Amino acid sequence: MKVSSKLIALILLFVLATAVPLFSESYPLDKNTVNPFDRFTMQPYNKALSVASDISVFTTAATSAVMLALPSNQYFTVGVIYAETVGLTYAMKELLKWAIPRERPYLYFEGYPEEALKNGDYNKSFCSGHTSVAFSVAAANTYIFSKYYPDSKWKVPVIAASYSLAALTGILRVASGEHFASDVLVGALLGTAIGYGIPALHTLFADKNVEASVSPFGLAIKIGL
């Protein structure tokens, strides 16, 4: 946990140090102002690949349907876990987009979508929301399926399929010119952390016999040890 926390902190510092928003009114921008790591993979806008990334993230989310194999009395609990996971991931990526505005890589090339300048989407590159959501679902799939079926022969295929689709989503976001590689990398780390953390917290609370009650004075939580 300490190592992963340090890695995330270093990546965030790297992006903050190198991704200073330019907010130029003259496009395309100068590629030489982009850090070498992101400059190497940045691409012009590709609408077909952008649409493909939309399909990819929804396909990744659909992999959670594998949990229908669980006992029906677990559907509500697992449904709540997925709702919390995706909801928190979405909220966090929106917060990052607001706190760290960054112009998208397609603005460094000719042929950028001019409608993006009108709707304000052009400076929301950091971080990749598609990637963060895809990886949050992949991580949740991995944790939940492994928890319920630790010895299942389907565990590896479920994990491999989930993360392969999530990785494809990230690749398509870069290839379509929608995001820099660092946007996708941070999105993947964010999604994985939340996708693992939410079900892990549910497991921790279940193991400690957590009881919650609501009164006029607020919410009371009791954890039995």
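**Helix packing and selected residues in close-up**

**View 1. Helices α3 and α6 run roughly parallel to each other in this predicted model.** The assignment follows from the crossing angle, because the axes of α3 (residues 47–62) and α6 (residues 129–148) cross at roughly 20°, and angles under 35 degrees count as roughly parallel. The two axes come within 8 Å, and the crossing is left-handed. On the α3 side the contact is made by S53, D54, V57, T60 and A61, and on the α6 side by H130, V133, A134 and V137. By residue class, this contact of α3 with α6 divides into five nonpolar, three polar and one charged.

**View 2. Helices α4 and α6 are packed roughly antiparallel to each other.** Helix α4 spans residues 75–99, and its axis lies 9 Å from that of α6. The angle between α4 and α6 is about 155°, and the pair is therefore called roughly antiparallel, since that term covers angles over 145 degrees. Here α4 passes α6 in a right-handed crossing. Helix α4 contributes V78, I81, Y82, T85, V86, T89, K93 and K97 to the contact, while α6 contributes G129, S132, V133, S136, V137, A140, N141, I144 and Y148. The residues of this contact of α4 with α6 comprise nine nonpolar, six polar and two charged.

**View 3. Helices α3 and α7 also form a roughly antiparallel pair.** The axes of α3 and α7 (residues 155–175) come within 9 Å and cross at roughly 160°, an angle that therefore falls in the roughly antiparallel range of over 145 degrees. The crossing of α3 and α7 is left-handed. From α3, the residues L49, S50, A52, S53, D54, S56, V57, T59 and T60 meet S162, L165, A166, L168, T169, L172, R173 and A175 from α7. Sorted by class, the contact of α3 with α7 holds eight nonpolar, seven polar and two charged residues.

**View 4. G195 is a buried residue of helix α8 (residues 181–207).** The relative accessible area of G195 is 0%, and G195 is therefore placed in the buried class, for which the limit is under 20%. Leaving aside residues up to four places away in sequence, G195 touches T85, S136, A139 and A140. Of these, T85 belongs to the α4 side of the contact between α4 and α6, and S136 and A140 belong to its α6 side. The view also takes in T89, which is 106 residues from G195 along the chain, with 8.2 Å between the two C-alpha atoms.

View 5. When residues up to four places away in sequence are not counted, T203 touches Y143 and K147.

**View 6. T33 lies in the loop between α1 and α2.** The C-alpha atoms of T33 and Y108 are 9.8 Å apart in space, although 75 residues separate T33 and Y108 in sequence.

**View 7. A cis peptide bond joins F126 and C127.** The omega angle of this bond is about -10°. C127 is found in the loop between α5 (115–119) and α6.

**View 8. The whole chain gives the context for the close-ups.** The protein contains eight helices and two strands, and, from the N terminus on, its elements run α-α-α-α-α-α-α-α-β-β. Of its 225 residues, 38% count as buried. The accessible surface comes to about 12,400 Å², and carbon and sulfur atoms account for 68% of that surface. Among contacts with a separation of 6 or more, 77% are made by residues 24 or more positions apart.

Note on methods
Residues numbered from 1 in each chain as written. Predicted model: local features only at pLDDT ≥ 70, side-chain atom pairs only at ≥ 80, totals over all residues. Heavy atoms only, no water. Helix = DSSP H or I, 4+ residues; strand = E, 2+ residues; numbered from the N terminus. Buried < 20%, exposed > 50% of the residue type's maximum accessible area, 1.4 Å probe, protein only. Contact = heavy atoms within 4.5 Å. Areas by Shrake-Rupley, 256 points an atom, 1.4 Å probe, with all protein chains shown as cover. Axes fitted to C-alpha atoms, helices over the stretch in contact; angles between N-to-C directions. Parallel < 35°, antiparallel > 145°, perpendicular 65-115°, else oblique. Left-handed = near helix turned anticlockwise from the far one by under 90°. Nonpolar A, V, L, I, M, F, W, Y, C, P; charged D, E, K, R; others polar.
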